[in-house]
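The following account leads the reader through one protein structure, from its overall make-up to individual residues. Please keep the sequence and the model in view while reading.

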Amino acid sequence: MTETSPRAPVRYLADGEWHRLHPASPLLRGGLVFIAVVGFVLANLRERLVEVFLLLFSPGEAGDRFDRPGGWSGDWGDDPIGGIVVNGLIGWALAGLLVIIVLVIGGFHLAWRMHTFRVTHEALEVRSGILFRSHRSARLDRIQGINLNRPLFARLFGTAKLDVSVAGQSGNVDLSYLGSAQADRLRADLLRLASGARRAAAPDVEVAGDAAATEGASGVPVAGVAEPPRGTLAARAGGLVGRRVDEFLAPELDPSIAPPESVVRIPLARVIASALLGGSMIWFVVLVAIITTGIVSGAPWVLFTFVPAVIGLVSYLWSRITKSLRYSIAGTSDGVRIGSGLLSTANQTIPPGRVHAIEATQWLLWRPFGWWSMRVNVAGQSLSANGEGAQRTLVLPVGTADDVRRVVGLFVPDADESLGDLLAAGLTGTGAGTGFTPAPRRAAWIRPFSWRRIGLAAHRGLALMRRGWLVRSVVLVPLARMQSVAIAAGPVRRALGVASLRIHTVMGPVTAEVPALDRAEADAAFEALAAESVARALRDHSDRWGEAADAR
């Protein structure tokens, strides 16, 4: 019977003490790039290296070739490796290469030792740098989300990347990498402290042997490394492989944390079909038609011009499909948790009170299937963010109207049946009689196709806006999160007696705007929204959800 490895407790990292990252962090952050560069150089110099190898093991024949005109010296006159061989500098070259490797490894190790973090009751602090030191501090009450990413190669080491999103541009704090179980535990502790809860931390939990923490040589704890388990080498290797397989097969959302009835899951067929019916597919068809026409007409330059664009589009479609696989979203006691990914996985937690706007959109080709996509505005995730940041604003890649209502219920916990009816009218309704204030008929002069869709409604601290014909859109804005409200009317709108109304939130992919309303109705909505937003903001304490739980 195979001996199993002992279980060790996951160290409590929110103790105010300084901790180091996982020892594999240098390899995962920069070591792979160094190895890739070395491999690229060796691949391009393989022929010369083979000749050098033959030279070293056939000195007599090589000496004859050096003496003959056009021999080694003639072929290698301007070649760096040839110059080293010709001048007898092989030993010095190998010594120099060894020194470079030692310096690189030493630099990575020193950078790891100098990169420490600690969690107090007020902030997450990170110190890093060798020559130029930096010390960052992120307030816990300003946390907008916590993202736990497990890239494929990092999962092989049992590690994860913890990214803490904080309000403000470039305010995110990155901990790359921690032990997988250690990252889960630290996320829970950060959310507990950010909630304002006074409840004590959970006791140390037991995990498999490679997920605990031990002390480094200088006494600074290392996150995510345990004492070697006992047993034979084969037993330890088998236990390690078994744990990695379990991690790969485990659901991204823990069923014990997320209630199954609130989880939205997307079928694989819908993921693929929605990507193929997306707007990028139109560009793909156009580019293929241009390339085909160019080949038939004898214009080969078209290949060099448009083929790279086709490759980029295919890569985008593949990335979109893979990032939507194993997608799930659920409500937890510490906010909405979203997971996705197949080989490389991502898990995001958005705490309560952090969402400033929610938008559901429906592309024209999705309309026959009733599919919708949803994005949110969260502080710290701006529209100009990188691809990873933009992906975090996508809370539902593709879903039905029922899925949209379920996701809205996660972000608006006090939603009732009347909000569901109003949301249904916002998704597919037009004109008056749906609970929305519609645009007047004269708005057709500036919105000839979508004027019937335009509308504004308010419901229990929420503003709902619908618009769009080619791309249908319905936006929900919690008035407690509203920054300001504005109405605008240029010369054409003034002549038509209409005005646009816009609610300003934090930067993001969602724009909360009604293109055209009757001017009198726009003025009345402006006054009502401005007054209610102040009242709602004074009564809102959802951003400190833990204090309310303690009070109960």
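Does glutamate 532 count as buried, partly exposed or exposed? Glutamate 532 counts as partly exposed because its relative accessibility is 25%, where buried means under 20% relative accessible area, exposed means over 50%, and partly exposed lies in between (1.4 Å probe, protein chains only). The model is predicted, so local features need pLDDT of at least 70 and side-chain atom pairs count only at pLDDT 80 or more, while totals for chains, interfaces and linings use all residues. Residues are numbered from 1 along each chain as its sequence is written, and side-chain values use heavy atoms, with hydrogens and water left out.

Glutamate 532 lies in helix α17, residues 519-539; helices (H or I, at least four residues) and strands (E, at least two) are DSSP runs, numbered from the N terminus. Leaving aside neighbours within four places in sequence, glutamate 532 is in contact (heavy atoms within 4.5 Å) with Arg460, Gly461 and Leu479. Arginine 460 is 72 residues apart from glutamate 532 along the chain, and their C-alpha atoms are separated by 9.6 Å.

The overall make-up may now be described. The protein has 18 helices and 25 strands. Of its 552 residues, 43% count as buried. Among the contacts with a separation of 6 or more, 61% are between residues 24 or more positions apart. The accessible surface comes to about 27,900 Å², and 63% of this belongs to carbon and sulfur atoms; such areas come from the Shrake-Rupley method with a 1.4 Å probe, and for residues only the protein chains shown count as cover.

The interior comes next. A nonpolar core is a set of buried Ala, Val, Leu, Ile, Met, Phe, Trp, Tyr and Cys residues joined through side-chain atoms within 4.5 Å. The largest one has 42 residues, and those with the most contacts inside it are Ile329, Met374, Val404 and Phe411. Apart from its neighbours within four places in sequence, phenylalanine 411 is in contact with Ile329, Val336, Ile350, Val355, Ile358, Val376 and Val395. In helix α14 (residues 401-411), the buried residues are Asp403, Val404, Val407, Val408, Leu410 and Phe411. They lie on the same side of α14 because they cover an arc of only 155° around the axis, the arc being that of the directions from the helix axis to the C-beta atoms.

Another buried residue is found in a loop. Proline 440 is located between β19 (437-438) and β20 (455-459), and it counts as buried because its relative accessibility is 14%. Leaving aside neighbours within four places in sequence, proline 440 is in contact with Trp451, Val498, Leu517 and Asp518. The C-alpha atoms of proline 440 and glycine 497 are separated by 9.3 Å, although the two residues are 57 apart along the chain.

Charged pairs form a further topic. Side chains of opposite charge can pair when their charged atoms come close. A salt bridge is a side-chain nitrogen of Lys or Arg within 4 Å of a carboxyl oxygen of Asp or Glu, and by this rule the count comes to 14. In one of them, the side chains of arginine 392 and aspartate 163 meet at 2.7 Å, N to O. This pair links distant parts of the chain, since arginine 392 is in helix α13 (residues 387-392) and aspartate 163 is in strand β7 (residues 159-166), 229 residues apart. Arginine 392 is buried because its relative accessible area is 9%, and aspartate 163 counts as buried because its relative accessibility is 7%.

Arginine 481 and aspartate 540 also meet in a salt bridge (2.9 Å, N to O). Arginine 481 counts as buried at 14% relative accessibility, whereas aspartate 540 is partly exposed, with a relative accessible area of 22%.

The last pair returns to helix α17. Aspartate 523 forms a salt bridge with arginine 519, the closest N and O atoms being 3.3 Å apart. Both residues lie in helix α17, 4 residues apart, which is about one turn of the helix. Aspartate 523 counts as partly exposed at 30% relative accessibility, and arginine 519 counts as partly exposed at 35%. Elsewhere, Arg150, Asp184 and Arg187 are linked in a network of salt bridges.
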